[in-house]
Amino acid sequence: MLTISGNNLVHFYENSSGSGAAIGSNRIGTKVNLLNNNILRFTNNTTISAAGGAMGFKGAQTDISGNGLVSFVGNTASTNGGAYHDNNSKGLLTVSNNSRVEFSNNSIIKSSNYGGAMYINNADFENNDVITFSGNSSNYHGGAIHIGGKGKVSFSSTDGSADIVRFSGNYAK
């Protein structure tokens, strides 16, 4: 389990690896908690040969909640999920109660691959003030998001606030 909580600034910058350049695991059931940080940034991280430019998992339980700014900007994956990848049906990404969430200019290098910002099976985006997907690109499907298998991705507001979800300038070649 990895927990990063209560910090003013957490910045994963220009990391490089085979998969999940900033944070990664291939163990089903891995728990990752990124909680109550003022600023949480993943910038210009790159995978050399696999998926998940910033974060890459196989069936992880990832919770990104209660943060101020959460940004995934300029991350690159060789294969799937420019910023975030988890293609196992047991995985769940929860992004909730953050002020601002941004996926911008993330991309895939190889052709016939999926999810410029993310390749995900299951994700819940709930009660975030503003979520933006902009300028993300893939070479095949899902300029912003590719949903794998029989997965489910939801964007919802259950606290009565008027959440803003924007998708602009994302593309699949």
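Arginine 100 and glutamate 102 form a salt bridge, their closest N and O atoms lying 3.5 Å apart. This comes from a predicted model, so please read each value below as computed from that model. Arginine 100 itself counts as partly exposed, because its relative accessibility is 41%.

The salt-bridge count for the structure comes to two. The other pair joins the side chains of lysine 152 and aspartate 124, at 3.6 Å from N to O. Lysine 152 sits in strand β19 (residues 145-156) and aspartate 124 in strand β16 (residues 118-126), so this pair ties together parts that are 28 residues apart in sequence. Lysine 152 has a relative accessible area of 48% and is therefore partly exposed.

| Arginine 100 | Glutamate 102 | 3.5 Å |

Strands of a sheet pair through backbone hydrogen bonds, in either a parallel or an antiparallel sense. In this model, six strands make up an open sheet with parallel pairing, in the order β2-β6-β10-β14-β17-β20. Its edges are β2 (9-13) and β20 (164-168), each of which pairs on one side only. On average, neighbouring strands of the sheet are turned by 5° against each other, direction ignored.

Which strands does β10 pair with over five bridges each? On one side of the question is β6 (residues 39-43), joined to β10 by five bridges in a parallel run. There is also β14 (residues 100-104), which pairs with β10 in the parallel sense, again over five bridges. Phenylalanine 42 has phenylalanine 72 of β10 as its bridge partner. Towards β14, leucine 69 is partnered with arginine 100, and serine 71 with glutamate 102. Strand β10 (residues 69-73) is largely enclosed by the rest of the structure, because four of its five residues are buried.

One more residue deserves a look: asparagine 45, placed in the loop between β6 and β7 (46-47). Is asparagine 45 buried or exposed? Its relative accessibility is 0%, so asparagine 45 counts as buried. A polar atom of its side chain lies 2.9 Å from the backbone nitrogen of asparagine 15. Leaving aside neighbours within four places in sequence, the contacts of asparagine 45 include Phe12, Tyr13, Glu14, Gly53, Ala54, Gly74 and Thr76.

Terms used. Residues numbered from 1 in each chain as written. Predicted model: local features only at pLDDT ≥ 70, side-chain atom pairs only at ≥ 80, totals over all residues. Heavy atoms only, no water. Buried < 20%, exposed > 50% of the residue type's maximum accessible area, 1.4 Å probe, protein only. Helix = DSSP H or I, 4+ residues; strand = E, 2+ residues; numbered from the N terminus. Pairing = 2+ DSSP bridges. Polar contact = N/O pair within 3.5 Å; in protein donor to acceptor, adjacent residues only side chain to side chain. Contact = heavy atoms within 4.5 Å. Axes fitted to C-alpha atoms, helices over the stretch in contact; angles between N-to-C directions. Salt bridge = Lys/Arg side-chain N within 4 Å of Asp/Glu carboxyl O.
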